Amino acid sequence: MTTYLNYIDGEWRPSRSGETFESRNPAHPSEVVGEFQASTGDDIDDAVQAARRAQREWRKVPAPKRGEIIERAALLLQERKSELAELITREMGKTLVDSGYDIQGAITSGRYMAGEGLRMFGETVPSGLPNRMAMTRREPVGVVGIITPWNLPVMMPAWKLFPALVCGNAVVVKPAEDTPLCAVRLFEILEEAGVPPGVANLVTGFGDAAGQPLVEHSDVEMISFTGSQKVGRTIAATAGQALKHVSLEMGGKNAVVVFDDADLDEAVDGVLWGGFSTAGQRCTASSRVVVDHKVADELVNSLQKRMGELVVGDALDENVNVGPIINSRQLDRVHSYTSIGIDEGAELLVGGEKLEEGLDGGYFYAPTLFDHANPQMRIAQEEIFGPTVVVLRVDGDEEAIEVANGTNYGLSAAVYSQNVGRALSAIAEFESGLAYLNAPTIGSEIHLPFGGVKSTGNGHRESGKSAIEQFTEIKTVFLDYSGTLQRAEID
Ligand code: NAD
């Protein structure tokens with residue numbers, strides 16, 4: 001078994017405590033993917049100090065040059081795409097198609113952010129005084145702590161660290177404990193691409209032992225976090241107390257709304273992909289279907305039939321549509337929602353069980369469908385993060401939108417309709433950061449803003465140009481060439 005190290009100040013180092021932990025393949029839990037450093041506050045401190053020193057020089061490197069290094073990293077990711085996709089499937093479990101999307105997201109983010117190095121634009125603004133110039137410039141925030149989940153194990157660290165680096169920040173990344181090898185491989189690429197020592201640091205370990213000290217560290221100016229609402233709230237409170245910048249992207253309970261004029265075949269295709277790809281372990285998963293009662297029977301019957309065709313298993317097999325759940329704790333959690341749904345009185349139509357036979361002890365769960373749920377039930381309100389889809393039947397467009405908006409999450413929403421006017425009204429009414437017409441709730445693109453409203457986020461957007469806004473501070477500059485004292489707002 002290989003033991004992998006932290007990457008601090010340009011060196012691969014063991015943790016100070018010497019403690020390690022294992023990452024296992026969720027499709028074959030007896031297979032250890034690797035052994036990793038169980039880091040603590042001491043390692044975080046080493047990484048933050050290295051980042052602090054390196055950032056003083058990195059911020060002086062012209063942004064287009066920083067972009068060139070990121071472009072090299074994107075090219076290396078491209079070269080190793082299939083090898084990395086296979087690793088993601090082994091360590092995290094999703095299908096090779098999903099894993100390819102994960103890597104492609106990182107590649108596109110690298111290409112886009114490399115270009116942003118050439119466009120680190122400020123504004124030139126007319127001054128209210130004669131012979132005076134006013135402008136803004138973008139400057140880095142400083143040292144950024146990046147904390148990521150396991151479901152997008154390469155793309156998620158990449159789409160935070162590429163914009164952070166191109167803006168001149170140094171970073172310390174604490175990746176999810178379930179997918180550390182994906183993060184190690186990404187850092188090998190950063191090293192090879194020429195990111196200077198100390199500018200990007202990787203510290204593996206658990207949330208309380210390594211994540212929390214990163215959030216609490218007084219030399220970290222910003223935390224960029226993606227993960228659960230529960231952890232996000234704690235991070236927001238700690239970072240708020242220390243007056244740090246904090247950007248949070250959390251869960252979703254995303255609805256696909258199906259109006260009575262929808263193309264139902266298209267809607268069923270969308271729900272299958274949105275609800276069951278990555279075994280439903282996506283923040284944007286289509287976990288609720290809000291359907292007009294006039295077409296509900298037809299939609300549910302067709303969905304039920306098509307779910308029977310889904311193949312569950314080790315996703316290294318290209319015939320498999322639904323891979324394992326990430327770990328046994330999460331498998332139990334997903335299963336507990338099936339009992340909750342039954343107790344609440346929803347009708348279990350498909351699945352609802354752990355799958356064991358011939359599956360080598362892997363953490364597999366049958367694609368599950370509940371019908372006749374009511375909007376207040378826990379299965380219709382709480383993020384399950386598994387292959388469970390809940391159908392809510394409604395009467396008309398207005399009720400559909402009210403039900404779709406009726407959770408405290410606000411990440412993604414979709415509507416299926418053949419009528420542009422009805423669809424656009426729904427899109428305008430959705431309380432979500434992303435909205436889709438005739439497509440499921442997943443499928444965002446890297447060059448566009450990504451994020452959620454309500455309790456999904458705290459007002460930031462990742463990806464695209466918005467990421468540059470997150471990772472920079474604005475300095476407003478006044479240049480006076482009048483040769484005399486001019487007093488703004490007075491003279
Ligand atoms: P999680 O919140 O349990 O963990 C996320 C990260 O936070 C991990 O690296 C973990 O080690 C770390 N962490 C845990 N406790 C911490 C603490 N006290 N201080 C600092 N760091 C800590 O989430 P998860 O189970 O890894 O991921 C699933 C969640 O992520 C779901 O809720 C999903 O919706 C969400 N997610 C959101 C998006 C989005 O963009 N909105 C994208 C992907 C996943």
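Helices and strands here are DSSP runs, numbered from the N terminus. With that in hand, let's walk around the ligand site of this predicted model.

The ligand is surrounded by 27 residues, and the closest of these are Lys174, Glu177, Ser228, Met250 and Glu383. By class, the shell holds 14 nonpolar, nine polar and four charged residues.

Which elements each supply at least two residues of that shell? They are the helices α7 (207-216) and α8 (229-241), together with the strand β10 (222-226). The largest share, three residues, belongs to α7.

Zooming out to the domains, domain 1 (6-250 + 457-476) and domain 2 (255-437) both contribute residues to the shell, so the ligand lies between them. The space that the ligand takes up is the largest pocket.

| Residue | Protein atom | Distance to a ligand oxygen |
|---|---|---|
| Glutamate 383 | polar side-chain atom | 2.6 Å |
| Lysine 174 | side-chain N or O atom | 2.7 Å |
| Glycine 227 | polar backbone atom | 3.4 Å |

How much of the ligand does the protein bury? Taken alone, the ligand exposes 840 Å², and the protein buries 88% of that. Two of the residues in the table, Lys174 and Glu383, are also among the closest residues of the shell.

Definitions and conventions: Residues numbered from 1 in each chain as written. Predicted model: local features only at pLDDT ≥ 70, side-chain atom pairs only at ≥ 80, totals over all residues. Heavy atoms only, no water. Near = heavy atom within 4 Å. Polar contact = N/O pair within 3.5 Å; in protein donor to acceptor, adjacent residues only side chain to side chain. Areas by Shrake-Rupley, 256 points an atom, 1.4 Å probe, with all protein chains shown as cover. 1 Å grid on protein atoms, 1.4 Å probe; cavity = no way out; pocket = protein on both sides within 12 Å on 5 of 7 lines; lining within 4 Å. Sits in = over half its atoms within 2 Å of the grid points. Helix = DSSP H or I, 4+ residues; strand = E, 2+ residues; numbered from the N terminus. Nonpolar A, V, L, I, M, F, W, Y, C, P; charged D, E, K, R; others polar. Domains from an automatic or database assignment.
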